[in-house]
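Okay, everyone, thanks for coming. Let me put this one up on the screen and we'll walk through it together.

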Amino acid sequence: MIALVLLVCLSAGCLAQRPQPCESPPLLTGSLYVSTQSEKLMAYAKYSYDALRQRIRLREFGSYENKSFHFDALLLYKQGVMYKINYRNQTCCKKRLRMDFHPLAIPKNASLLGQSVMGSSSGPGQGLLVNTWVGELQTKRGPAKYMSTVTEFGCVPVSTLFHSSKSGWVVTSFFNNVNGLVDPQQLIPPRFCGDAQLEEEDSENPETFFSLF
């Protein structure tokens, strides 16, 4: 009888430990690196992420088609606007943001590819337990495949591979993540943006760049 009870408890424990799709912390600060399979885009960015009020700040630099760029943008999804900020010139461009906000999360229909340890499992603190998920998303441009890796504890993003017919494979690596907003002011438009007028969209809508993330 004791053996049967012990067997049931062990079985329940194994079932409870199976990773489940999860949602990342609603407030995050950190850095990320993005590159495309075609090598057209390589960018490094610092980000602030607020899923509660649907705000994202990206301060990035990199190269696109062998041309270097610097981009500082504040995306306010609830207001439907994006501010392109230039602190050097104290100028601000305000454009319409037509994308929906998608929180950092593993979709509920994702399939678990596996669980692994980044680093070493030989001793305490030498490794990080992560889960890797795969699936397919339906986008406006058609189906897109993804493979996302998050930490087992906390569901903090580690890396994402995203594939579409237009961009090929796009790799995003997250690092130096901090749970919370290190500087909440980063998610508030600077004072010199107060007089910015909503501009008409041009032929190359800058918001589409953020679909890479």
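So, start with Glu65 and Lys40: in this predicted model, their side chains meet in a salt bridge, 4.0 Å from N to O. Glu65 sits in the loop between β3 (55-64) and β4, and Lys40 in the loop between β1 and β2 (41-50), so this pair ties together parts that are 25 residues apart in sequence. Glu65 is partly exposed, at 44% relative accessibility, and Lys40 is partly exposed too, at 42%.

Now, over to Asp72 and Arg57. They form a salt bridge as well, with the closest N and O atoms 2.7 Å apart. Asp72 is in strand β4 and Arg57 in strand β3, 15 residues apart. Are these two buried or exposed? Asp72 comes out at 7% relative accessibility, and under 20% is our cut-off, so that's buried. Arg57 is buried too, at 2%. There's also Arg55 with Asp50, again with 2.7 Å between the closest N and O atoms, and both of those residues are buried. The count of salt bridges comes to 4.

Asp72 shows up again in the lining of the second largest pocket, along with His70, Lys84 and Arg88, among others. That pocket's volume is about 210 Å³. Strands β4 (67-76), β5 (81-86) and β6 (91-96) each supply at least two lining residues, and the lining splits into 5 nonpolar, 3 polar and 3 charged.

Last, the sheet. It's open, 12 strands, mixed pairing, running β7-β8-β9-β10-β11-β1-β2-β3-β4-β5-β6-β12. β7 (111-119) and β12 (198-199) are at the edges with a single partner each, so one side of each has no neighbour in the sheet. β1 (27-36) and β11 (168-179) run antiparallel, joined by 8 bridges, and Ser35 stands opposite Val171 in β11.

Conventions
Residues are numbered from 1 along each chain as its sequence is written. This is a predicted model: local features need pLDDT of at least 70, side-chain atom pairs count only at pLDDT 80 or more; totals for chains, interfaces and linings use all residues. Side-chain values use heavy atoms; hydrogens and water are left out. On a 1 Å grid over the protein atoms alone, a cavity is a set of points where a 1.4 Å probe fits but cannot get out, and a pocket is an open set with protein on both sides within 12 Å along at least five of seven lines; lining residues have an atom within 4 Å of a point. Grid points are joined across faces, edges and corners, and a volume is the space filled by probe spheres set on the points. Helices (H or I, at least four residues) and strands (E, at least two) are DSSP runs, numbered from the N terminus. Ala, Val, Leu, Ile, Met, Phe, Trp, Tyr, Cys and Pro count as nonpolar, Asp, Glu, Lys and Arg as charged, and the others, Gly among them, as polar. Two strands pair if DSSP finds at least two bridges between them. Buried means under 20% relative accessible area, exposed over 50%, partly exposed in between (1.4 Å probe, protein chains only).
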